[in-house]
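Open the model in your viewer and keep the selection tool at hand.

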Amino acid sequence: MGAIYEIGALSALTEALDGLDFNSADVYVGVSAGGFVAAGLVNGFTPHQMSRVFIEGEKTRDRFEPSVLLKPAYSEYAKRLASVPPLLASAAWHYVLGTSTAMSAFERLGRAIPTGVFSGEEVDRYLSGIFNQPDRSNDFRTLSRRLYLIATDLDTGESVNFGAPGLDHVPISRAVQATAALPGLFPPVEIDGRYFVDGALRKTLHASIALDEGIDLMVCLNPLVPYDSTPHHRTRDREHHLDKLVDGGLPVVLAQTFRSIIHSRLGAGMERYKTAYPDTDIVLFEPNRSDADMFFTNLFSYSSRRRLCEHAYQKTREELWRRRHELAPLLARHGITIRTNVLRDEKLTLVKTLKKSRGVWRESATTAATRLLTHTLDDLDRWLRYTAAAA
């Protein structure tokens with residue numbers, strides 16, 4: 001969800017902001033799914049290229065398949081299964097000796113529960129194959145820009161900045177796997193004898209890492225906001241009909257809880273940043289809290305991911321237009337202007353295999369050749385638009 005939103009939003013910002021190149025930033029900080037995007041940007045992938053490779057599944061050597069994220073953690077299962085007999089023996093022995101109650105003896109078996117459902121090793125393998133190609137890098141030390149990927153040390157609860165001195169020997173692909181290892185879904189990632197999990201568990205943005213570098217403008221993308229399902233905020237939606245989130249069961253309750261924690265910390269952090277770094281302009285983009293699509297969409301199919309990425313793209317364009325008077329003077333201080341003609345162009349879309357029908361983005365039937373031709377013509381069209389706007 002995070003990566004899909006960020007790719008769609010970055011694509012909209014790339015088109016609409018003249019003077020801002022997301023492949024030429026001084027510092028990149030990636031947290032959780034943002035690690036995928038930050039590592040891609042610093043390796044030269046434009047937001048539009050990431051959309052085609054990761055969202056649309058364009059048939060290239062970099063093609064991304066959802067199955068990368070869904071391979072069961074067989075080695076973790078085997079490890080935990082092998083621990084069951086000795087744990088059972090230990091629990092029975094302590095119970096017979098009277099040194100533990102039946103409940104405490106039973107609790108010992110909790111150590112046999114796998115720490116994750118899916119294997120993150122496929123993430124490392126896939127990204128390693130991409131970043132080790134010519135003109136790209138899987139090594140922090142050879143990058144021309146500074147990249148920091150944040151994970152949480154499981155044994156201390158402290159944040160760790162992969163890419164910083166002393167931690168820049170870790171492959172970028174492995175650091176991405178660590179920062180995105182959401183507990184319960186993916187097992188902790190072992191690096192140099194230590195175990196790491198999702199970087200968002202301690203902080204949401206970790207923006208101070210970039211701010212301490214003395215940057216003058218920071219652009220933040222936060223994809224996860226709690227959903228406001230109250231009737232006066234809820235948008236009309238024919239697909240999502242939950243009047244109360246509790247009706248969605250445990251997955252929906254957990255998603256709302258996680259998002260609320262993340263967003264609460266983000267708000268507090270943004271206030272501190274403004275006070276502690278008064279010389280840096282900070283701009284934040286995130287979804288609208290009443291956006292049901294950003295909360296309920298099933299992501300494990302190309303069609304769903306395409307629709308959601310297009311949705312994020314269009315919503316970011318709408319937000320830029322709504323905030324244009326607020327943002328224009330701030331961005332102008334950094335030589336950036338808002339292309340209002342681009343924002344007014346209602347024909348612009350990101351995912352060319354989608355067509356809007358009755359207010360809903362739907363998949364259109366296209367062949368691979370047609371899709372490639374469409375992408376090529378789209379590139380030419382965007383280039384002509386930008387050239388005309390610059391002139």
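**First stop: a hairpin**

Select Gly157. This residue takes a positive phi near 75° in the hairpin of β3 and β4, which has five residues between the strands. The model is predicted: local features need pLDDT of at least 70, side-chain atom pairs count only at pLDDT 80 or more, and totals for chains, interfaces and linings use all residues. Residues are numbered from 1 along each chain as its sequence is written, and side-chain values use heavy atoms, with hydrogens and water left out.

**Along β3**

Now select residues 146–153, strand β3. Strands (E, at least two residues) and helices (H or I, at least four) are DSSP runs, numbered from the N terminus. Is β3 largely enclosed or open? It is largely enclosed by the rest of the structure, because seven of its eight residues are buried. Buried means under 20% relative accessible area, with a 1.4 Å probe and protein chains only.

Two strands pair if DSSP finds at least two bridges between them.

- Strand β4 (residues 159–162) pairs with β3 in the antiparallel sense, over four bridges. Pick Thr152: Ser159 in β4 stands opposite.
- Strand β2 (residues 27–31) runs parallel to β3, with five bridges. Pick Val31: its bridge partner in β3 is Ile150.
- Strand β6 (residues 194–197) is antiparallel to β3, with two bridges. Pick Asp153: Phe196 in β6 stands opposite.

While here, look at the side chains. In a regular strand they alternate between the two faces of the sheet.

**Two cysteines**

Select Cys309. At 0% relative accessibility, it counts as buried. Then select Cys220, which is also buried, at 5%.

**Zoom out**

Show the whole protein. It has 15 helices and 11 strands. Of its 391 residues, 48% count as buried. The protein exposes about 19900 Å², and carbon and sulfur atoms supply 56% of that area; the method is Shrake-Rupley with a 1.4 Å probe. Among contacts (heavy atoms within 4.5 Å) with a separation of 6 or more, 74% join residues 24 or more positions apart.

**Last stop: confidence**

Color by pLDDT, the predictor's confidence in each residue, from 0 to 100. The mean is 86, and 86% of residues reach 70 or more. Select helix α8 (residues 172–179), where confidence is highest, at 98. Finish on strand β11 (residues 360–363), where confidence is lowest, at a mean of 54.

Note on methods. Buried < 20%, exposed > 50% of the residue type's maximum accessible area, 1.4 Å probe, protein only.
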